[in-house]
Each structure stands twice: as structure tokens, then as C-alpha cells.
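Please open the model in your viewer and keep the selection panel at hand. The stops below are meant to be visited in order.

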2 protein chains.
Amino acid sequence: MIAQHIVDRFVAILGPKGVITDPDDIAPWVDDWRGRYHGRAAAILSPATTQEVADTVKLAAELGVPLVPQGGNTSMVGGATPPADGSALILSLRRMNRIRALSPHDNLAICEAGVILSVLHEAAENAGRRFPLSLGAKGSATVGGLVSTNAGGTQVLRHGTMRALVEGIEAVLPDGSVFDGLDALKKDNRGYDIKQLLIGAEGTLGVVTAASLRLAPAIAARAVAWVGVQTPADALALLRLCETMLGDSVEGFEVLADETLGFVLGHIPGTRSPIETRTPWHVLIEVDHADLSEPGPSERLESALAAAFEQEIAVDAAIAANEAQAEAFWRIRESLSEAERAQGPALQYDVSVPVAKMPAFMVEAAVAAERAFPGTTASSFGHLGDGNVHFHVRAPKGTGDGPAWIAAQGQAINAFVHDAVVAAGGSISAEHGIGQMKRAELARLASPARLAALRAIKTAFDPQGLFNPGKLVP
Amino acid sequence: MIAQHIVDRFVAILGPKGVITDPDDIAPWVDDWRGRYHGRAAAILSPATTQEVADTVKLAAELGVPLVPQGGNTSMVGGATPPADGSALILSLRRMNRIRALSPHDNLAICEAGVILSVLHEAAENAGRRFPLSLGAKGSATVGGLVSTNAGGTQVLRHGTMRALVEGIEAVLPDGSVFDGLDALKKDNRGYDIKQLLIGAEGTLGVVTAASLRLAPAIAARAVAWVGVQTPADALALLRLCETMLGDSVEGFEVLADETLGFVLGHIPGTRSPIETRTPWHVLIEVDHADLSEPGPSERLESALAAAFEQEIAVDAAIAANEAQAEAFWRIRESLSEAERAQGPALQYDVSVPVAKMPAFMVEAAVAAERAFPGTTASSFGHLGDGNVHFHVRAPKGTGDGPAWIAAQGQAINAFVHDAVVAAGGSISAEHGIGQMKRAELARLASPARLAALRAIKTAFDPQGLFNPGKLVP
């Protein structure tokens, strides 16, 4: 545990308001939200300005104190949990929560790291724009965390991950210097793109203090459809058809197995299947227009679905007749995680493969996993157009003690699934990052060139190894 | 000069076909195409496969031989010219010129580094697609060079720079290891994005051997308009209006001063102004559709221009009535460099500032430069929507000896223009890179944090400093 006299040094520069030491106030921030990783910390450092962050980092470098940058603490991979031995302090960015500027004219918002995603959503909406990235944790997740984990979500197909939405970054590097790259330049070839390096670095190369973010036009009209298809290959053919006929207006394209739909209908009160026919696979499509020109999204989506029926790609389909129905369709998608949890213990994987290989992967990896681990059932759902699915392997029916099953089988199943992903040329982390959860698997599976590059960059930026120790870099 | 017995070691692994030593064959590749930088090299190493590149790099690392990666040798900043003392060998990628795969279904082409841009254009077109990046040097520029310089062009507004079009990279790192990141993954959060680091690294961190590139749908219909406006601010207002009314279909939006148009009309035979009215500024707009749905691009562009007249943003406009007229409009834009050269000696700057600041920059920087350097005339043209203009300062009328004027005034004018760019929060290299031409200015103007990061990354990847010595990193 970091000693009190060390903590006092930080109090001296940040003031009492800037250093949280009450164990009750610290408690919510030392474990991850899913309760899988448990840490300890003598204090949470909570600077209020970029200069205070720089002073904090400089002092930490001088004293050799490891820092764990933290936003909303909503990591899926234990990326923001401090070490269990209390050897680090938490560097919280939550007090830096100003939207420094928001220009609808320039479609740009400059947000400090502690701005909560839903706050940004609201501010953009009030200005007649939107920030086109959202996820379940939007009420807690912060801009700094979203940037540092290159967050994804359901709108990546059209708008990209955070990487595509970040136009500039301000960060404090491990030596305490301020990297001032906030100016939103569309073109900038002044050497290595430091901004890109900090996006997705999980706070291991320094700490993001602010970001310039791209806004999108508000949605003027939308159409949401539920489509039943026979196979994931048909789902991909439907996506390509939609892209050809509807262009960039396809905002969402989510795929799930009929079995997964069954879990939702079984566990989530008030849900019902949007279509009559039982098909093996389902697709949720959203088409958005920024203006009210004719033909509108419903008419255009209808034409695309007509073509899909003609080509025998689609079996059945329903277009939401109104906003309430559209919300009901999306509610099914948004309840998948909860329904899967209610269904019983499972191992969940956030993986990606090249889009063209995804249909085969969804079918073959599930069959192979069920064969290799008798009694388990496997399936996947997610963002087909991004080549990103959430692949689940559920414990055999009647498994009472989930944690015991995971303890016994987890490592073998992890290895099995990740090997399949690597064989398909994919990534063992599509959108959740590496954190501490996937570090060993990254070490096992990454090519020597990639591992050497990761380590060399880490050492170059953070020779003392003080930034988010134990995360990401194997 | 590298000794013959060293060159022989490379002949031993690449064969005589893989090592060019005839001075006549080497001559075209040791100077830059504009004749500003002159180098020497005992040999051009020309491996034909990724394995041969890896073997070459390993041997160079072992022998401590510096390598200058080279594609089409079309750098604007001396980025591919070897050192004048002959201390390095050229590593040409031109023999690696296979398109390994091209899938119209997946909108993806996997190209080796030596594939020439126009060859890729043609291959994509034959498959019913297009590669949406083009530039003047397309008949020589190679994929490896385009990736390594994060090339731009006139389609960046819609499709982004190379960075946005590269979905995967294969490269040989300075230790001879192969970074195999060719799989096109839309989402991949396995730590630092090495691919992004190699894009725009100008061959200083290793050598790109292949890239997976995103293709776009072919153009089914296009409309090209020439619009006369009063100010750059009106031009930006027109762009915003077009974006609102035409969405992502705005493919080109180029701005130039009436004076610049005058140079074209004066020097380039067969050109004429597309509009009757003389306005202080001009805009060239292209709107493209991938399908033939109604209303087509001409009708939609017409509505947008009608709104622009109503809002008094536009003064006069002409929509090309046919392909020949569209080509004639574009020919004016494509002749700007030639016309500027014919007009007399000038210093040319490739700079960017935030888009919102560009209208003011275009006017104020020109006025300030003319005041600071009496007799000169300054103006800019280029990609307003990207915040990227090519800013020119022309020698006083009657200056006979251009090189002498540049020798006398160049450094002071460089510093003046770059200071103005930095004051506006911009970049001294928008799309051409740093190479050797802008290295000193980068050292003078970059923040300490940026410089330290550049140097740390360079040392981490290339501790011996063997890759493209003397370029980019100050």
C-alpha cells in the first residue's frame, strides 16, 4: 500500500478536494463493475485541470508512483482496476468534466476526459446534432475512457469506432509533458500519428485529458426493420444488398440466432417476436436520414427488402410502423446480454474476423465448440457488418455452480475459441480491449513482431512502467 | 559510398536480378523528381517477395547498412532520396507489384507495395469498383509510398486520406521481423495500433510490403459545377450547405482565387472560365452517385445551388452539361500547378488549419505575407473542406533568377508562413509529409511533447537508425 506521506505529497499540489482518501469513497472504484477484478488503492487523485494532471504525473514520475487512469470504471476487461497489492494510486479524470466547446456549424465538440457519454449525447442533441456512438454504459462511461479503449457499439458500421470520431487529443505523457493535439485537422502529416497511438492505449502510454470529437447531423427520419433469414451468409448478402441500395444510410445491422431471440422472449417481460415465421437467424436493420427528402427511409428500406425477397435472401420481415414499435425491436437487441445472463452461466467472447469470413465463423466455431466441450451450447450475436460478434459458450444444462464451471473449463474454452479466431485471421479483442483479462492470451497468440512493437512503444513512452501497470502489454 | 563487398552480400541473397548496380540504372532514382535533392547510392536492392525483404533487412541490420525505402520516387519533400554521401542503399519495392487479391464483393484489394496507383485504379474499375484516391503522380506513385506518406488528393473530403482506406498492413520492421497485419478487421483492439503508426511514417520505422485497401462503389452518375463566390467564407458556407442538402455524395470541393484562375486562362491553351461573371473566388464541386436513382446528382446539385443563390452565398454558377464540359472544369483545377509555375518563381506551402479557420487564413495570411515581403504576391488554392490549402508566395514581378530569390528569401518566408500556420493551430505538412525538406521546421515548431514522442518511437523501432536516415525525425 502506498504510504500516507506519499499521498500527502499529492494533497500538497491538488488540495484536499483533489485527493480522495476515505475508504468508503474509494471502495466503488477499486473493483470492476462486474465484480471480477479486485484492487486496492490508498487514494484517488482527482485533478480538475490539465495543468493539475501534468503536475500530478510529474510528481508521480519523480516519486516512482504507479498510476491507474480511470474514467467511469466500466471496463469489460478489468482495464481500470488498480493492482490488488495497493501499489498504485487511481488517477480519476471525473472532475475534468467540461465540454469546452461545441460547434454545430463545425460538427465538433471539445470535451474533457471526464465528460459522461450521455451528457455529450444531450449537449449535441440540444445543438441540433448527435454524437454517433453509444453503448450500454453511456450513463457512466467517460470520453477519456471511450477514447482510451477505442470504444465501439452498434453504430460502428456507419460512423466507425471512437478512432473515426476523434479529431484531436490532449494528453499528459508519462514524463508530465502535455501533448497538445486538440486542433481538429483533417490532414496532418507531421510524422507519426501520436493521436492514433493514444487511442486504444488503455492509459498505458499516458492519460487523455480532452478530445475533439466529430458530431453528426441529427436524425430527421428513421426506419427500423426485423428480418428473418436462413443463415448468417444470407444476413451478409442482405447487408451488401442494403449497402448497394441504401448507401451510407444503413446505421444499424445486428444479427442474432433464433435461439438467442428465444432467450429474450423467455426472460424479458413484454417482449415478442417482431415476425410470425420462425427462422434460424434474425437481422435488425436501422436506416437513418438526416433530412426529410423523399423517398424516406421506410420507402427505401421497403424497396431493399422487396429485392431481398426476390433474391430469396429474406424469409420474413416487418418494418416498424411507428417509434414505439421501433423501440420494441431495439429493446430485443439491447436485452440480449441480460437474457443470456438469465439463461445461465456462460463464457463470453468479444471477437472479430474479416467480414467475409464471419458467416462461416458464426456457424462453424459454434459447432466445433459444442463438439469439443460436450454439453455446452454456443452461439453468437452482434455486429455482422463490422466482423464483430459476441460469441458465447454456455455451461451444460443444469450446471448449478457457474463460477466453479468457469474455473474448471474456462481456460481450455478460452484457448479453443481464441485459436479459432486466430485461425480465421481475427482479433481476440474486437471492441473491449485487452486490460488484464486478455493479457496472457495476447502474449500467447500475438506474432513476435506485434509483441515486440507493443513492448518497444510502451518502454519508449513509459520507461518506468508507471502507467496502468499490469494492463494490455504482456 | 557503401563498399562493393557489402553490396555483394546482398547479391548473395537476392541474386543479380535483385540488386541494381549499373550507375545508369541507378541514376533516375537518386534524385527527387523535382531536382531539388541529390543523392548517391552504390546499389538499389530490389527484393521480389516479403521474405526477400525480410532477409534483406536482417542482413542490413547485421551489417549496419542504412536503407532508403523507395516506391515511385514521387515525394514532394525529398522523402525517398538517399543521402548525398552514398552511405545508404536504396530499398526499392517496385518488383513487388502483384495485386494479391481483389474482391468486389468485399470491396477490398490486397496490393503489394510496388503496385502503381493507376494500375490499381484500372484493376478496381475492371471489377466494377474504384479506389477513391488519386493524385498527379498516379502513373508512378506506388501503394507502399502512398501508405507510407498517408497520401491525400482531391477526394479526401468524402473518402479520407490513405489512412482511412488502409484496412490492413504487412511490413518488415527494422529487425527483419514481419508484421503481418493484412487481415482487414473493422474492429481490432489488441493494443496499440501499429498499422496507424506505419501509415505516414515515411519508411523510418520499417518498410511496408503490402496493404489491404478499401474500394468504393463505381460512380454511376456525376455532376460537376463551377461556382463564383465573393469570399472564402462564402465558399465554406456553400460547402456546409452542400453537405446538409447532398450528404456524403459531395466528392470534390476545390477552391481557388480569381487571380489563380487567371494564370490558368493565361498559360494553359484551350481553357476558358466556366462562368461569365468575374468573382473574387471560385469553387469546383463534384457530386457523385453510385446508383441511377432519381433525383440524380445534377438535379440535387441544382437544388443546392438554388438555395445558395437564395442565401446570397453564390454569385454565379454553371453545371457541366456533359462529360466533356465536366472534364474541362476539372482540367482547370488540374492545371493550377503548371500555371503557377509558368507565372514565375514561387515558394509553395502545403499546409492545413482547422476548417473553420481556413477562410480567414486564406485571406489574412496572404495579406500579411505580401506586407512582410514587399513585391511578393500570395494566394492559395485547394481543399477547403479538408482545411488544406496550397499556399503560394510568388517572387516580385520581374524576378529573373528564381533560385537566387529562393536562396535569399526562402528561409525567412518559410518561417513567416509556418509561424502563421502554427498560430492558427495548423500543421506545416498537410499531405506531403516532412521528408528532408521540412525536418528543420518541424524541429523548430513542434511542441516538446510531440518531438520527444517522435524520437522515442523512432528509437524504439529502429535503435540503429538504419531506416530512411535523415528523414522526418528531427
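Which residue forms a salt bridge with B:Glu259? Select B:Arg394, whose closest N and O atoms with B:Glu259 are 3.2 Å apart, a salt bridge being a side-chain nitrogen of Lys or Arg within 4 Å of a carboxyl oxygen of Asp or Glu. Because B:Glu259 lies in helix H10 (residues 258-267) of chain B and B:Arg394 in strand S18 (residues 388-394) of chain B, the pair ties together parts 135 residues apart in sequence; helices (H or I, at least four residues) and strands (E, at least two) are DSSP runs, numbered from the N terminus. B:Arg394 is buried at 3% relative accessibility, whereas B:Glu259 is partly exposed at 37% (buried is under 20% relative accessible area, exposed over 50%, partly exposed in between, with a 1.4 Å probe and protein chains only).

This is a predicted model, in which local features need pLDDT of at least 70 and side-chain atom pairs count only at pLDDT 80 or more, while totals for chains, interfaces and linings use all residues. Residues are numbered from 1 along each chain as its sequence is written, chains are lettered from A and ligands numbered from 1 in the order in which they are written, and side-chain values use heavy atoms, leaving out hydrogens and water.

Next, select B:Arg100 and B:Glu170, which form a salt bridge with closest N and O atoms 3.1 Å apart. B:Arg100 sits in strand S5 (residues 99-103) of chain B and B:Glu170 in strand S8 (residues 166-172) of chain B, so parts 70 residues apart in sequence are tied together.

Finally, in chain A, select A:Arg98, A:Arg100, A:Glu112 and A:Glu170, which a network of salt bridges links.
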